[in-house]
Structure formats: structure tokens, C-alpha cells
Amino acid sequence: MSGISGSHGSGADHDAIAARLGAALAAPAGREVVDRSVPGGALTLVGPGIGGARSEAIGRVLLADGLTDAAAAALLDSLGDDLAGLDLTAIEQPFALALHDEATGTLLLARDGLGRAPLYWWTDAAQKHLLFASRIDALLDAGPVPARPDERTIHRFLLDGVADTDERTFVEGIRRLLPGQVLRHGPDGLSLSQSAPLAEELQGIAAAPGRPLDDAAVAEATSLLAASVRRAATTGDAIALTGDLGSLAVAAAAPEGVRAVAATRPSGSVPSAVTALHAARGRDMELITARDSQGDLLADLDELSTALGEPVPSARSHTALTLARSAREAGAGVLVDGVGAEQLLPSSAAHQVSGLRRLRAARRIGDLAQGALASRGALLGAARGALAPRAEVPTEALLANAFVASHRSERRAAPASLRAALVEEVLHGDLPVALRASRAAADHEGLRSASPLVDAGLLRLLASLDDASLLRAARDGSLLRSVLSGLAPGADLPARPEAAVLDEHAWIVRHADDVRAILASESFAARPYVDARSVLAFFEDVAAHPEHHRSEQIWRLLSLELWLRAVIDPRTAAGTEEQAAHGTAGEELDPDAIEAAKADHEPNPGKRLDLVSETDGRTWRRLPLQTELVGRGDDLDAIVRERVERFAASVPAGTVPEGAPWYYVISEKIVAITQGRSWYTWEIHPRPSAKVLSRFVTRTPAGIGLGDPTTMELAIREVGLPRVLMASAAGAAGKLLRRRGVFYEVVGDNVRAIDGPTPYSAFPSNVSAKLPPKDPDVVAARLSAAIRAADIPASLRESFRGTVVMDANDIGRNVLGSDVSTPKADLEATFADNPLGQGRQRTPMAILVDRGVQPGDGTAPAPAAPRG
């Protein structure tokens, strides 16, 4: 395990904090913890058996992660009197270092320009005391750092899986030192600067006119990669071979005597590309098959979460851990990997399609034509994906309302070009995350890691290629394909080698019981970030119909929960109390047993409990009832009866005045769902006419209406294409005459009540389309009978008037069915402010109480409440 940590500043607890930092970085067996203390207690540096140096002559101490003792000593010897002149750009090795100048009492922290060695820091409010470490858990264990999750970082991670966009980490107050950044802490306080201008250099190269990808560029890339691999790997080291182009190219450039540790497929076989490369290299490369440990994934994720100090970004991290274990068992001390290939080259379909869109936006027709030809495989794959019956469930639909609202403005700007996107990936995208995960896996097994593809020279070359050249490179798989052909000309490699990495989607489906136990646990339900019931409902459909979904959101939510349990909960009183009260954190619960967030006698947030009707001047009390998710075929009568009984047993006295007439109101959505008249969007296959007609429909904030091909298809099924066409013509004429609503007057209320997918709603409404309920009057009468047979007080039973099936949103109300004599207009007016809400309130039912004309209320209607 490599790393550094230290404490700089003053205070009585300084030495104790530094000692805890050393204990937090406990060294593996056979390595001693090295403790270097500066007289006077101004600085304590702690590192487990790693390179370090001290120069008595100039009174400076250097501790570095990634540098050898000789390199550290040479750096000290090169320093002049002024630390401000420190030049770190010439150091080619990955490094994170701490340099203390005793004469000035200044601590300097720095990272290499690509950020290949991690370094984190924390300071108190007065900036008098600073802690730093290569691992987040070391800082948390040091004492003064509170273990509070950073919600903004969590939001970004859950949305797109990226966390390294800036200096903020998953722990509030702990900052990461950015690539090439230098931090100074001394008597004058704290300052940050940039010593390695690689980021600006790459951005400048990407903004300049690009060069073509020709033979000279390929030769240069081959030479740069070979030199980078020679610096990283020596005889006896292990090469992590997953079978993708990146790891194959690194292995092809490796010196004789290296050991290749190959990942295996679920069948236990090694990728054919690995076998072909090994055959071409002959006996100068030993091939070791890694032991598969997919069954240990959950336990491994706990360990990786601790080693990273952050949620595990993807299943590739587990593959890296598996390879590191096998390399350690083989006696290797260094693991050289192919991390960077995915991020550095546009070999994926997503990269290529994105690049083509940029060329089209720039109207570079010639480059677009050449790029489209080069990317034809990616385009066909994207077209197949677009036609596949998959659902893009918005991540926000699985998160808590307040959490989504508080981070609604968080969006990353799209880069201006494909080359700019490449630089963004390198500096603030997936690459820093992949590097940290790979390094943490190696560290966990006591190995040093190296990623030779992440080389400044290679990055400069790639940033210099024009967008069209980057796309044309995809014709043979990627630029790496050409490089690999030059490094291993005798290898009979497949046209498109595929990596043998853990398929997280397949693993989630295969281990559904284990995943369900975590997502249904009390600890997960208590997190303020998630809507646990939506997550469970979504997961159940993923498990039942894996072909309909991707699993990125489930993986991130699972990874976040395991990180919170491993890193945050044990270090907080809340976590300790929660685990003590609930037994094991993974204890499975019935998702329907999760406590409702709103009491029955309270209105929804932003809504009023009582409303004075504008039609009859009476005061109406609306009591929204939260309920569990319902599904196709559920017994709605039993659900309603049980829910009314629960309401009657828990509502405070006086909420429903004695003898006041009351109604049971139910949303038409829940009725339609139980009748089987609601479908996931991927279950509906719109005909061409539905796709065309939906484009002319105006969408409103209250709902998508018929502005989606799926809802238009349902309308055609409900009333027939001729009637929809006739209504469309009448609607167009009505618009010319400035008369609204003509379309629905012709097509009928059944079509008006069709609902489409709404991203602000709870799953599955965010990916569903539905017809209005069938025979709503009959349904209302049946539900009224169930309520009258319920176990409720006699006074409530006697004052019950009946059931109303209501279609309401923020711009209109429509009673679809009822078994009462009260005029529909009067009932619709009671829902003028849409008290059931339009989002994820989970209140599809309400008790509506007629309180009569109240003294002082008058006849003026209450002002419209804000949307909840």
C-alpha cells in the first residue's frame, strides 16, 4: 500500500492527530510505518514504507508517493533558496508529494499534471491546521474531520457516474488536490496555484487547427506508447490483460520477462485476443489466468469503498481488484494496466455519434461524410439501440424530491469539439475516476500500479488530431488498433477485441436477491438522497425484464449505499445508532412497510388543507392519502378498503367534523393501472401515423398529453385513426379562429384523459402511458360499496356520500366517474389547486370533506397555491 499523510500547523492535539493518521495508513505485513517528525512539532509526515528524503543542510523534508528515494533526494538537491521556484514539470513519474521548509514553516503539497497519484487535504475554518493524506479514510480517522457526505458530489455521481469534476470529494470539507495543483500552507495562510500547465496546454492544442491522422501520427503514437511502457514496466512485473485494445497494446510493448495476468469471461475462458497476443510473443511472456471472484463482489465492494474512500464507479474496479490479487499471488510487485484506452480514444459508439453531431452542427459537410463512413458500425449500433425496447428511466425519478430540487441547476456544459471533449474526459471526466479505482485495487493488494497509456506525450498527440481524424481512426477499431499492429505484427487478433470485464448489468440480474436485500433495507430507505420505493419498483422491473433496461442507476445507488455503510456510518453516531437499532444494515424489508412521509391529516407540501370553492362558496377540506405503488391486476377494492380503514384509525379527532358529508376521491391513474390500461413505453409500438401526428401537439408543463408517439398511439387505438385525423383538422381550424380545445371536443374526453410519461413523476409513471379507466362510474360504485363494508366508525360510514374518479392536473380537472348526485362542476372546483400534486407525492387518493359555509370565509375562492 502506498501513500503519504501528514499534519501541519499548531495545537496541543497536533501529535495525537498525526499518530492517528499513521495508524489509518496501516502498512501491509512486512512493511514498517515510517514516522518522520520535525523538531518543534510544526510538521509530522507519516508514510508506510515509501520513498522519502531529508536534507539537513537546507532544512527541508520531502515525502513522496510515486517517487523513488533517489528521485526524492535529487529533487531536494535541485531546490534553491526559494520554494516558489520549484519546477515539477520535468518529473515524468506519477507523484503526490509533501515538502516542508523548516526555515519558513511552509508546507507544500503537489500532484503530477495528470493526477495519477491521489492526494486529499482538509483544513479548519481558521486555516491554521491542515491535514493531508493519500486516502480519505485516513483523514476521517484522524479525528477532527467530520464524516458528512457531500450532497453535490453525490448528485453528480448518481446522474452521470463522474465525481472528479472539481476539488470537492464525497466527504464534505475534504478536498482533492487537482492534477498539477500546488497547495502552500504556512504562516500567511493557505494558497493554491498551478505548477504543471498541462491542462491549459491540452486545451490550447485542442482549440488550434487539427492535424490529420496519417502514418506519421501512428508512428509517433507507437513510439510514445512504447517509451511510456518501458518507463512503467520491467522484467518480473505483471500486465493486467482484460483483452481490450488498451491492455493488449501495453502488453505488446512490454519488455521480455513480464507476466500477463488475464481476466476471464463468465465461462472461465480467456479472451481470444489475449491468447493470440501470447502466442505471438512466445515464451518471453508468462500468461496467468486470474481467479474469478464474482461471487465475492459485495464483500469486495466494501473493501474497495474503503480503499477509494468514495463509491466504486463501475464493475471494472472489481475486475481490477481480481487482476491485482492474481498478480500478488504470482509474486509481482507492480501491476501495469491499460487504463485510459476508453477515455482517450473515440472507439465507443457514444463518442463517435457525439463527434458526428458536432461536425453536423459546425456544417463541416466533407468531414461529416468521411466521419460517417468511418463510423458506420457505430451508427448502425446506435440505430439498433434506438429501436430496441429499452427504457431510459430518468435518474431524477429515483431520487428524493427535495434532493433533486436542491441540485436542479447542476449541469455540465458540453465541450465545443470532439478534441475538447477528449481533454475534458482526461482532466475532469471518467479518466481520473478510472485511475483512482485502478490504483486503489492495486494498493489494496500491496502492489504499485502504473498506467502507461496516460502519458503526457500521447495526450498531446491525441489532442492535436482533428475531429474527422479521430472519427476515421474508428474504422479499424481505434488508433490503438494501428499501434497494436505495429507492436505485435505476428498476432492474429480479432477485428474488434472485447474486454473480459465484469458485466454489471448481468451481475445485478443474476444476484437480484442480494441487491434487493440492500435496496429494501432500512438504512437505504433512510437516506435523504433516494426515493426508496421508486428505486425498488424500478429494480423489480429490471430483474423481471432485464432486456428493457440498463443498470447504471442501480449500480450507482448500490455503490453509494455500500460506501455510506463502509466509510460514513461507522464514523457517525447516526450510523452506529441505526445499525444497533436495525440489526444488520442489509436486513430485507417489505417495501410497502416503509413509513409514509406525510400524515393523513396534513396537506401536500405547498398545498392548502381547506379551499373555498368558487362555484358554491362552501369550504372543502382535502386530505391526501399516501399509498403504496399498485400494479396491473391488483385488487383495487381491497386496497381502498384497507387504506380508508387506516385513515379512520389514525386521523386526529375533529379532522372530519362529526356529521360532515365526505367523499372518497381517487385519481384515474391508479384505476387505469389496476385495470391493465397502463403500459410501459417500451410495450407500445407506435405506428408511423402516431409518430407524425404527435409532432404537432403542444406540450404543457402539466403533462405530455398526446405529444408523445406512445400516447398518440393509444388515442388511435381508443377511437380510431379517422376520428383522430378529423379532430386534428378541427383543432387546426380552431387555432386559426383562436378557439382552444376544439381537438378534444371532437375526439372525446376518453382521449383527453390519456396520460404519457412524465419525468417528474414516480416510477413507473415516468416511463408509462395509459388510457383512462374503463367504466369509471361502475368503478366508483364498487369502491363505495367496499368503503361502506370497511371497519370504520359508524359516524363516518353514515356521513359517507360516495366515490369520485378524478383526472386532475395543474391546469385542469375532470370528473370521469362517480356514484354521487353532486354536480361535477362543484366537485371539480374543490380540486382547483390540484391538492394531490403533479409529482412524486404518492397521494392518488383523498378524503374530501364538505365543511359547508364557514363564518368569515365568504364566497371568495382561495388563491391558487403554488405547485408542490
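In which sense do strand S13 and strand S16 pair, and over how many bridges? In this predicted model, local features need pLDDT of at least 70 and side-chain atom pairs count only at pLDDT 80 or more, while totals for chains, interfaces and linings use all residues. Residues are numbered from 1 along each chain as its sequence is written, and side-chain values use heavy atoms, with hydrogens and water left out.

Strand S13 (residues 238–241) pairs with strand S16 (residues 334–336) in the parallel sense, over two bridges; pairing requires that DSSP finds at least two bridges between two strands. Strands (E, at least two residues) and helices (H or I, at least four) are DSSP runs numbered from the N terminus. Ala-238 stands opposite Leu-335 in S16. An open sheet of five strands, paired in parallel, has the order S15-S14-S13-S16-S17. Its edges are S15 (285–289) and S17 (448–450), each with a single partner strand, so one side of each lacks a neighbour in the sheet. From one strand to the next, the twist averages 30°.

Helix H10 (residues 316–329) packs on this sheet and touches S13, S14 (258–262) and S16, contact meaning heavy atoms within 4.5 Å. The direction of H10 makes about 140° with that of S14; angles run from 0 to 180 degrees between N-to-C directions, and axes are lines fitted to C-alpha atoms, for helices over the stretch in contact.

Helices H9 (residues 297–308) and H17 (residues 430–444) pack at about 110°, with axes 9 Å apart. H9 is therefore roughly perpendicular to H17 (65 to 115 degrees). Glu-303, Leu-304, Ala-307 and Leu-308 of H9 meet Arg-436, Ala-437, Ala-440, Ala-441 and His-444 of H17 in the contact.

Key:
Parallel < 35°, antiparallel > 145°, perpendicular 65-115°, else oblique.
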